[in-house]
Amino acid sequence: MRRMYAPIRSRRTWRRALAGLLVLAGACSKFSATAAEPATAVSAEAIVALVRQLDDDSFEVRRRAQRELIELGEPAVAPVRQALASPSAEVRARAREIVRQIEHQQLLRAFQRLARPADDRDVDLEAGLMLVAQIVDPDARTASVAAALDALAERVRKRVGTPVKDADPKVSVEAIRQVLFVEEAFDGNRQDYENPANSSIVYVLETKRGLPILLSQVVLAVARRVDLPLAGLALPGRFMVKYDDRRSVPADQRIDLVIDPFEQGRVLTLRELREYLPDLSAEPE
């Protein structure tokens, strides 16, 4: 499975793909076109007939069939995929384009639904992570990602031994660090930083390598599952994670702990972070 990511390369803009999820509600409103809603349901026989027309002698018939199949959306995907094995190069090319456009429309509608909450705090970031993963690999599946994150969270619970929310924060943070960055060896992908697959949570869970913001989202997803109050921390040149107990602890009792997932889960105090900040703007080698 890992091989399918190998040929993917990107321009610099890809490294910010996931960062856009943090302001997704505003970003989605900037789309210049609205994804078309699926057309009225038609019979399976009618869809198969349209697929056959992709091989018609008439260019106009072929073009019209392609357009109508795209408008049908999801119901047309399975029959069109069968046409990918057609002996006709033109049919295969039209089938690929139909599937590509339908998947694009589905993703666009999904991003628009994700952006509907008026408050950014209500945006489902894990759903957003999966949508980004599906840009990289349309076959990415939510269930496998959720199962992997659930398993990591269960290991954190076992390591802490008591309900994580009731444990000493330093013990809980250390438990996440041990599971993710010692046992699983998650780390920043410096050798292939520009690869857009670094913005896919599927790829990162598989390879244990990724961008700072994606690795941070893995930490946050595990923390949510064990009721540990961690929050994203956007810094110049680096995204990190901070222990955030502002809502439940008086100011004079707060604990300041910052995790840098791109550096093997290094834990810093705020004082150490201030000393560390000047080095963060440098590009990875």
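Axes here are lines fitted to C-alpha atoms, for helices over the stretch in contact, and angles run from 0 to 180 degrees between N-to-C directions. Helices (H or I, at least four residues) and strands (E, at least two) are DSSP runs, numbered from the N terminus. The model is predicted: local features need pLDDT of at least 70, side-chain atom pairs count only at pLDDT 80 or more, and totals for chains, interfaces and linings use all residues. Residues are numbered from 1 along each chain as its sequence is written, and side-chain values use heavy atoms, with hydrogens and water left out.

**Whole chain**

Start with everything shown. The chain has 11 helices and 6 strands. Of its 285 residues, 45% are buried. Buried means under 20% relative accessible area, exposed over 50%, partly exposed in between (1.4 Å probe, protein chains only). Contact means heavy atoms within 4.5 Å. Among contacts with a separation of 6 or more, 61% join residues 24 or more positions apart.

**Stop 1: α7 and α8**

Select residues 142–160 for α7 and 169–183 for α8. Their axes come within 9 Å and cross at roughly 130°. That angle makes α7 oblique to α8. Angles under 35 degrees count as roughly parallel, over 145 as roughly antiparallel, 65 to 115 as roughly perpendicular and the rest as oblique. The crossing of α7 and α8 is right-handed. A crossing is left-handed if the near helix is turned anticlockwise from the far one by less than a right angle, and right-handed if clockwise.

Now show side chains. L152, R155, V156, R159 and V160 of α7 meet S172, A175, I176, Q178, V179, L180 and E183 of α8. By class, this contact of α7 with α8 has 7 nonpolar, 2 polar and 3 charged residues. Ala, Val, Leu, Ile, Met, Phe, Trp, Tyr, Cys and Pro count as nonpolar, Asp, Glu, Lys and Arg as charged, and the others, Gly among them, as polar.

**Stop 2: α7 and α10**

The axes of α7 and α10 come within 9 Å and cross at roughly 65°. This crossing is right-handed. On α7, select A146, L149, D150, L152, A153, V156 and R157; on α10, V218, A221, V222 and R225. The contact of α7 with α10 has 8 nonpolar, no polar and 3 charged residues.

**Stop 3: an aromatic pair**

The structure holds 1 aromatic pair. Select Y193 and F262: they sit edge-to-face, 6.0 Å centre to centre, with 90° between the planes. Rings of Phe, Tyr and Trp (its six-membered ring) pair if their centres lie within 6.5 Å; planes under 30 degrees apart count as stacked, over 60 as edge-to-face and the rest as tilted. The pair links distant parts of the chain, 69 residues apart. Y193 is in the loop between β1 (187–188) and α9, F262 in the loop between β5 and β6 (266–268). Y193 counts as buried at 16% relative accessibility. F262 is buried too, at 2%.

**Stop 4: D260**

Move to strand β5, residues 258–260, and pick D260. D260 is buried, with a relative accessible area of 0%. Leaving aside neighbours within four places in sequence, D260 is in contact with R238, M240, G265, R266, L268 and Y276.

**Stop 5: two loops**

Select K208, in the loop between α9 (201–207) and β2 (209–210). Its phi is near 65°, a positive value in a residue other than glycine. K208 counts as buried at 19% relative accessibility. D227 has a positive phi of about 60°, although it is not a glycine.
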